[in-house]
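Subject: Handing over the structure

Hi,

Here is the structure I said I would pass on to you.

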Amino acid sequence: MSQVTLGYVPSLRPGALLFTLAAFRYSQTGRRDKNAVLVDLYGTAGGRKRNLFGESVATISKRAFGDLVPFRDVLLRHTFFGVYSRAMSPAASAAWSDALIAGDRSHRAQKVLRNFNSSGQFHLVTRSLRSCPQCVADDIDAYGFGQWRILHQIPALFCCPEHGLALNDEVSGGVAGNVGQYALPRGKISTPANRIPWAASDGHSTYLHLWTQLLEGKLPVVTSHAWAAYMDVVVSRVGGIASARTEIESTIRRTWSTGIENITSLTGRHIVENFIHAELSHNSAPVRLAQKLVVLGAISALGIDLPTTGESSQLSLDLSSKFDEYSEPSLQERLRRALL
């Protein structure tokens with residue numbers, strides 16, 4: 001494949017979707033030929049065109065950034081790999097990124113995450129591309145053009161994690177926008193009625209902030225093994241699963257100023273009906289990050305400290321060295337009891 005490098009390519013802010021490059025390039029070339037844009041970025045007009053999870057990341061990175069940015073950093077900063085890989089064990093995350101960088105098509109997102117996604121109605125990304133008007137205005141001031149943000153395309157988020165404003169559909173179509181619609185966000189201002197729940201509540205504000213921390217890699221406690229062990233710590237501190245569930249549910253109702261049923265009904269099936277018990281009893285798929293962050297916010301409000309970044313990272317590594325995703329439950333249980 002040709003090692004052609006592009007001419008002027010703009011800076012992407014951390015958290016901007018890689019698809020922004022295609023939309024920018026299309027605008028830069030006078031909106032004449034979409035296939036030419038794909039060839040510029042991918043070296044071919046075929047294949048995965050939206051690179052939501054970093055397909056063809058090696059080619060795109062070399063053409064767009066040269067040797068300035070490591071491939072894995074591109075995956076973490078500019079694709080949904082930077083969201084969903086956070087829930088995996090370090091070994092599983094590394095294997096997935098290695099496959100994406102090598103161009104191994106057998107490691108596509110839906111296949112990698114299939115064991116984590118128990119519901120066919122669970123969508124990893126929104127069907128439309130969404131924007132926050134203030135984010136677009138900020139990007140135009142800082143970079144000269146609006147950029148699609150990764151977190152704005154998470155189905156379980158209705159408001160911008162940075163500004164708390166309702167997210168607006170700008171490009172409709174298939175999952176994360178029809179590939180034929182190459183457009184940069186304009187910051188269209190509207191207020192969909194179903195996009196403004198609980199925006200002023202402490203619980204919702206904490207939830208939004210935790211998504212930002214997740215994308216920035218500051219929540220290693222959500223990795224599969226570390227999360228299970230941390231739930232055991234919470235249960236032990238409160239006095240059992242039933243007591244912990246009651247405390248967490250009460251805290252969520254108080255801090256969100258709404259019933260839990262309202263939260264579960266508006267999150268794109270990212271939060272199941274009995275999610276508190278599911279998380280406490282290790283009966284939740286790692287990919288269900290939304291409900292983990294709701295629970296995490298409630299635990300924080302209860303005054304139970306999170307492990308530090310170093311502690312939770314070491315916990316995940318220690319556990320990963322002793323069992324993998326498919327270890328016998330009895331072994332996992334013995335190890336967790338030993339940790340407690």
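**The chain as a whole**

The protein chain exposes about 15,000 Å², and carbon and sulfur atoms supply 49% of that area. Accessible areas come from the Shrake-Rupley method with a 1.4 Å probe, and for residues, only the protein chains shown count as cover. Before you go on: this is a predicted model, so local features need pLDDT of at least 70 and side-chain atom pairs count only at pLDDT 80 or more, while totals for chains, interfaces and linings use all residues. Residues are numbered from 1 along each chain as its sequence is written, and side-chain values use heavy atoms, with hydrogens and water left out.

The secondary structure comes to 16 helices and 2 strands. Both kinds are DSSP runs numbered from the N terminus (helices are H or I with at least four residues, strands are E with at least two). Of the 340 residues in the chain, 51% are buried. Buried means under 20% relative accessible area, exposed means over 50%, and partly exposed lies in between (1.4 Å probe, protein chains only). Contacts (heavy atoms within 4.5 Å) are worth a look too: of those with a separation of 6 or more, 68% are between residues 24 or more positions apart.

Find helix H10 (residues 224-238) and helix H14 (residues 289-301): their axes come within 13 Å and cross at roughly 35 degrees. Axes here are lines fitted to C-alpha atoms, for helices over the stretch in contact, and angles run from 0 to 180 degrees between N-to-C directions. The crossing of H10 and H14 is left-handed, a word used if the near helix is turned anticlockwise from the far one by less than a right angle (right-handed if clockwise).

Which residues meet there? On the H10 side they are Trp227, Tyr230, Met231 and Val234, and on the H14 side Lys292, Val295, Leu296 and Ile299. They divide into 7 nonpolar, no polar and 1 charged.

**Helix H4 and what covers it**

In helix H4 (residues 71-78), Val74, Leu75, Leu76 and His78 are buried. The cover over the buried residues of H4 includes helix H3 (57-65), helix H5 (81-84), helix H6 (90-102) and helix H9 (202-215).

His78 has a relative accessible area of 6%, so it counts as buried. Its side chain reaches the backbone oxygen of Ala16 at 2.8 Å. That is a polar contact (a pair of N or O atoms within 3.5 Å; within protein, one must be able to donate a hydrogen and the other to accept it, and residues adjacent in sequence count only if both atoms are side-chain atoms). Leaving out residues up to four places away in sequence, His78 touches several others, among them Leu12, Pro14, Leu18 and Ile150.

Gly217 lies in the loop between H9 and H10 and is partly exposed at 32% relative accessible area.

**A buried loop residue**

Is Gln153 buried or exposed? Its relative accessibility is 0%, so it counts as buried, and it is found in the loop between helix H8 (133-143) and strand S2 (168-171). The side chain of Gln153 reaches the backbone oxygen of Arg149 at 2.9 Å. Not counting residues up to four places away, Gln153 touches residues including Phe80, Val125, Leu129 and Trp148.

**Two with a positive phi**

Ser56 is not a glycine, but has a positive phi of about 60 degrees. Its place is the loop between helix H2 (34-42) and H3, where it is partly exposed at 26%. His282 has a positive phi of about 60 degrees as well, and is not a glycine either. His282 lies in the loop between helix H13 (275-280) and H14 and is partly exposed, with 29% relative accessibility.

Happy browsing!

Methods. Ala, Val, Leu, Ile, Met, Phe, Trp, Tyr, Cys and Pro count as nonpolar, Asp, Glu, Lys and Arg as charged, and the others, Gly among them, as polar.
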